[in-house]
Amino acid sequence: MGEEVDAQEFSRADRTRHREKVRRCLDVFARMLRDSRFDTDDPMTGLEVELNLVDELGDPALRNAEALEAIADPDFQTELGQFNIEINVPPARLREGGLTTFEDTLRRSLNDAEAKSAAVGAHLVMIGILPTLTSDHMDPASLSPNPRYKLLSEQILHARGEDITIGISGPERLVTTTDSIVPEAACTSTQFHVQTSPAQFASYWNASQAISAVQLAVGANSPYLLGKELWRETRIPLFEQATDTRSEELKAQGVRPRVWFGERWVTSVFDLFEENVRYFPALLPITDEEDPLAVLEGGGTPNLSELRLHNGTIYRWNRPVYDIAGGVPHLRVENRVLAAGPTVADTMANAAFYFGLVRHLAESERPLWSQMSFSAAEENFHAAAQQGIDTQVYWPGVGQVRATELVLRRLLPMARAGLEAWGVPGEESDRLLGIIEQRCLSGVNGAEWFARRMHGRGDQERYDALRATLLEYRERMHSNEPVHTWD
């Protein structure tokens, strides 16, 4: 999202030239896949966390430029809203203590960043949606000054041809309209990256899709938006609606949304990139001068800039990534399902559960996705976003089952086996997966804790209660005690 682009306007000729270049990049990508020109020997994993900024009262602090200047660490980057920043944790190998490395790096970096950003009146909070946001913050002036964000907002609204409607029903109902993509900035996530070979990519992506509902059920952490209690993971419908380029008529015609679960299991990473090119017009038709075929035939590694930029404006919950490190290309699955927080300990437990489970399922002799329909996986996903830790999901060989029971009886042993295959020490695996186990036994994740505390403050004015609960959340976040222990 944060790639720098110049402010500009696009002509019809720009769009035609860009489409031709994207298709040329896709052809070169297909050739690269056939020729096995990818780094696959010793896969890396990665972690990104998006953070919210609040002031002393718990209200949004639109100060990410000042906070980033004070933090002065290249691992911290700008994000869509002025009340957001992001930390990119350096990639690591799980067999070399990667989970501990991630945890230590994240805790140290966040503690240092909090001390520095607090000096400019901006405190860090790891939560999926900042509950103290009001309609006054849903204004284009809240966007970060990076020209890419303004361009994206303009292009999405231009493609749609009308204001965006946000309508979400849960325990309460929210209906509002917006003339920019600022509501997208309300959605902060944790992103897990797993590097894979071209041959294994489809298995890792399919496995990630199949387990995304369970990830949401145990990790939901965004129950409030604009003063309303909505879904347990309100980020999901909000993000889907806030970047929707389709008018009502295009929706009725079956045009695909840009925030997309997908519609089928895949057999190759190429399927996903090809779908992106075939189904979605470019939002940012920026074309460079690289000839990707000439670079490839000259023995180099093409950037495929247009294909990558296009891919970055299609928001799959599990996104395919083509990237280059040290001049060598590689592929990653970017798992974008979960909210940030509540604590570093919870985040690392979510990471251990994902990395372990996805490896076990991806390398299983009988693929899970051969036993369930894709539509069942999608139904599970949206049910889990709505209901959180109380969700019932469909699972092959079991039928309808509580997500927590499924995790306790079947998925935690799989995740442990997967972590062992990664080379993660048993004590590290047990500690982190034990947090997931206790969440399931207690029925408490971030969303459930926050909603319960709010219900206990039902006699207060809504935003006073939200501020008080958020300040309590932030204090407990700094303790790094997992959320299931907070009660």
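Two strands pair if DSSP finds at least two bridges between them. I kept that rule at hand while going through this predicted model.

**Entry 1: strand E1**

I began with strand E1, residues 45-54. I looked up how many bridges tie E1 to its partners. Seven bridges join E1 to strand E3 (residues 84-92), and the two run antiparallel. With strand E7 (residues 189-196), E1 pairs over five bridges, also in the antiparallel sense. Strand E4 (residues 123-125) is joined to E1 by three bridges, again antiparallel.

I then noted one residue pair for each partner. Asn52 has Asn84 as its bridge partner in E3. Glu48 stands opposite Gln191 in E7. Leu53 has Leu124 as its bridge partner in E4.

Next I asked: are the residues of E1 buried or exposed? Ten of the ten are buried, so the strand is largely enclosed by the rest of the structure. I checked both faces. Thr45, Leu47, Val49, Leu51 and Leu53 point one way, while Gly46, Glu48, Glu50, Asn52 and Val54 point the other way, and all are buried.

**Entry 2: Asn335**

I moved to Asn335, which is found in strand E13 (residues 328-339). Its relative accessibility is 0%, and buried means under 20%, so Asn335 counts as buried.

Which side chains make polar contacts with the side chain of Asn335? I found Gln215, at 2.9 Å. I also found Asn318, at 2.8 Å.

I listed what Asn335 touches, leaving out residues up to four places away in sequence. The list is Thr190, Gln191, Phe192, Gln215, Trp317, Asn318 and Tyr354.

**Entry 3: helices H14 and H15**

Last, I looked at helix H14 (residues 403-422) and helix H15 (residues 426-442). Their axes come within 10 Å and cross at roughly 170°. Angles over 145 degrees count as roughly antiparallel, and therefore H14 is roughly antiparallel to H15.

I wrote down the residues that meet. From H14 they are Thr404, Val407, Leu408, Leu412, Ala415, Arg416 and Leu419. From H15 they are Ser429, Asp430, Leu433, Ile436, Glu437, Cys440 and Leu441. How many residues of each class are in this contact? I found nine nonpolar, two polar and three charged residues.

How values were computed
Residues are numbered from 1 along each chain as its sequence is written. This is a predicted model: local features need pLDDT of at least 70, side-chain atom pairs count only at pLDDT 80 or more; totals for chains, interfaces and linings use all residues. Side-chain values use heavy atoms; hydrogens and water are left out. Axes are lines fitted to C-alpha atoms, for helices over the stretch in contact, and angles run from 0 to 180 degrees between N-to-C directions. Helices (H or I, at least four residues) and strands (E, at least two) are DSSP runs, numbered from the N terminus. Angles under 35 degrees count as roughly parallel, over 145 as roughly antiparallel, 65 to 115 as roughly perpendicular and the rest as oblique. Contact means heavy atoms within 4.5 Å. Ala, Val, Leu, Ile, Met, Phe, Trp, Tyr, Cys and Pro count as nonpolar, Asp, Glu, Lys and Arg as charged, and the others, Gly among them, as polar. Buried means under 20% relative accessible area, exposed over 50%, partly exposed in between (1.4 Å probe, protein chains only). A polar contact is a pair of N or O atoms within 3.5 Å; within protein, one must be able to donate a hydrogen and the other to accept it, and residues adjacent in sequence count only if both atoms are side-chain atoms.
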